[in-house]
Amino acid sequence: MAKFDKKLAGILTKCGVITEQQRDEALAESEKNNASLTQILMDKKFCDEDTLVTAIADEMNYYPVNLNRIEPSPEALELLTEEQSRNYQVLPLSKMGKMITLAISNPFDVLILDDIKIVTGCEIVPVLTTETQIKKALERAFKKQVDVQGELQSVAKELEGQLLGVDLSGGSTEDAEDENSAPIVKLGNRIIEDAYLQGASDIHIEPQEHCVYVRYRIDGILKDQMQLPKSSHRALISRLKIMSELNISERRLPQDGRIVFKKYNPKFDLDLRVSSAPMNYGEKICMRILDKTKSCLPLDKLGFSEYNLTMYRDLIQVPYGMILHCGPTGSGKSMTLFAALNEINSPEWNISTAEDPIEYSLPRLNQMQMKKDIGLTFAAALRCYLRQDPDMILVGEIRDTETAEISIEAALTGHVLFSTLHTNDAPSTISRFSEMGVEPFMISTCLVAICAQRLGRRLCTCKALDDPKPEEYALLSRAKDSLPIGKLVRPVGCPKCSGSGYKGRIGIHELLKNSDELRAIINKHGPVEDLKLAARRAGMRTMFEDCMEKVKLGITSLPEALGTARPDDTIV
Ligand SMILES: [Zn+2]
């Protein structure tokens with residue numbers, strides 16, 4: 001920075017922020033002590049941080065920012081390593097498409113921007129701040145995770161020590177069993193914060209005979225996080241039940257509740273859906289994390305193949321009819337539905353949703369949380385929406401005849417109805433409707449499309465190329481697509497992916513588009529096999545084929561793909 005100090009001091013003098021005398025004094029000191037000029041100017045109270053930044057920004061045509069008031073997005077933070085950010089004295093703030101908003105502290109060194117452009121492969125929009133602010137912001141951004149984990153461990157230790165002490169003295173175990181004792185309150189909070197910062201979707205607190213396991217589900221895989229002393233079990237469960245507003249004296253029956261975590265730590269705007277279950281070694285608690293700040297990803301970021309994305313985008317533009325998503329819990333159905341709604345959302349449409357729970361919120365959407373205990377069911381919400389001048393309706397799930405019938409009625413009377421079903425693949429979703437007692441011609445008439453979906457793990461950047469073995473080659477060639485079979489990618493493992501070789505997940509899809517042939521088969525109660533063949537003739541690629549395409553493109557590995565979708569039995 002030193003070689004740019006004269007320029008910087010020159011600008012500040014020219015703008016009248018500092019006097020010539022102050023300039024000379026600061027420059028001399030900076031040279032003598034090899035210290036930052038801006039820091040000296042502020043230490044000597046020649047000018048304050050805001051004045052300094054705005055003066056330079058104004059002169060050099062940059063937008064000034066105050067990093068104390070801006071949180072960098074997690075996506076932006078992944079663009080550079082902590083070390084790179086420190087070396088360049090920059091901080092990525094946000095990313096939109098191929099553009100990064102980057103906070104810089106040295107507007108004179110243009111080479112930095114060129115370097116970062118190459119490292120990230122993105123265009124840079126620089127905004128100006130000071131070295132000190134970048135240093136502090138980097139500390140906050142990169143230390144956050146470490147801190148929570150460190151604190152969690154110390155709380156667990158403290159608890160263990162406390163319990164141990166109590167046991168040895170032979171006195172009462174009151175403190176350890178007290179759900180309001182400081183370590184228990186802290187432990188409850190830290191577990192939730194830690195899981196959230198690690199990107200977990202679920203937290204499991206599981207009592208065993210002699211200990212309690214805490215596990216998180218991250219990227220679809222359950223992982224051990226810590227082992228707590230058995231004596232902390234009752235207090236921790238009670239604490240979590242208090243937070244969830246559950247009845248703490250009821251330990252013999254399952255209960256459902258919700259934690260509004262903001263009440264316990266205002267920095268974390270998340271809710272947790274809590275379920276308690278009476279197990280043989282005591283109560284187990286499972287919590288699903290609902291991140292309220294989680295933004296909805298655009299459709300083209302969900303892993304749709306080019307082929308499926310074009311078809312899906314076209315299908316969601318229909319004027320009326322039913323669009324269904326199917327797959328097990330946690331397969332990303334609601335993520336895709338909200339990405340679709342986000343794409344069609346406009347001032348012209350009334351989009352209403354009935355959800356349980358509300359996971360994402362979008363501006364302008366009318367969203368309703370279901371409350372079964374007072375009779376607010378999907379069917380009740382649907383009936384209400386039909387009198388609310390709707391254009392598009394999203395129903396969280398169709399699992400009973402009543403909801404199925406009203407949904408079809410809505411789709412047949414000029415509305416677009418989106419919903420989900422817990423079926424395995426697209427063709428078998430149709431037969432689920434007949435099982436629910438819906439007349440085949442009703443479903444054949446209103447159905448637009450069914451999208452079956454799974455989430456597979458995405459390979460981390462540490463992946464390696466290898467030649468496919470003969471049996472792997474045979475599997476890959478079973479998929480009917482035009483992609484050549486070249487090298488195969490295999491997981492490796494690095495610190496970034498905690499050695500697993502995978503980081504993040506990607507959607508695997510199977511998109512069935514209704515056709516005349518399908519309608520005829522549905523109307524005469526045709527078997528699932530016939531539906532599948534007809535769907536393929538209408539252009540459907542199976543989930544297995546979608547997986548194989550993603551293996552060929554190096555996005556995921558073959559074992560992961562096979563664990564996500566089984567090879568098709570019948571391929572035409
Ligand atoms: Zn890795």
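Some questions and answers on this chain follow.

Tutor: This is a predicted model, in which local features need pLDDT of at least 70 and side-chain atom pairs count only at pLDDT 80 or more, while totals for chains, interfaces and linings use all residues. Residues are numbered from 1 along each chain as its sequence is written.

Student: How many of the residues of strand 15 are buried?

Tutor: Strands (E, at least two residues) and helices (H or I, at least four) are DSSP runs, numbered from the N terminus. A residue is buried if 20 or more other C-beta atoms lie within 10 Å of its own, exposed if 12 or fewer, and partly exposed in between, with C-beta atoms placed from the backbone. In strand 15, Val416, Phe418 and Thr420 are buried on one side, and Leu417, Ser419 and Leu421 on the other. For strand 15 (residues 416–421), the count of buried residues is 6 of 6.

Student: Which residue in strand 15 is the bridge partner of Leu394?

Tutor: Two strands pair if DSSP finds at least two bridges between them. In strand 15, the partner of Leu394 is Phe418.

Student: Which residue stands opposite Leu417 of strand 15?

Tutor: Strand 11 (residues 321–326) is parallel to strand 15 and joined to it by 6 bridges. Opposite Leu417 stands Met322.

Student: Why is Thr81 classed as partly exposed?

Tutor: Thr81 lies in the loop between helix 5 (74–77) and helix 6 (82–88). Thr81 is partly exposed because the number of other C-beta atoms within 10 Å is 13.
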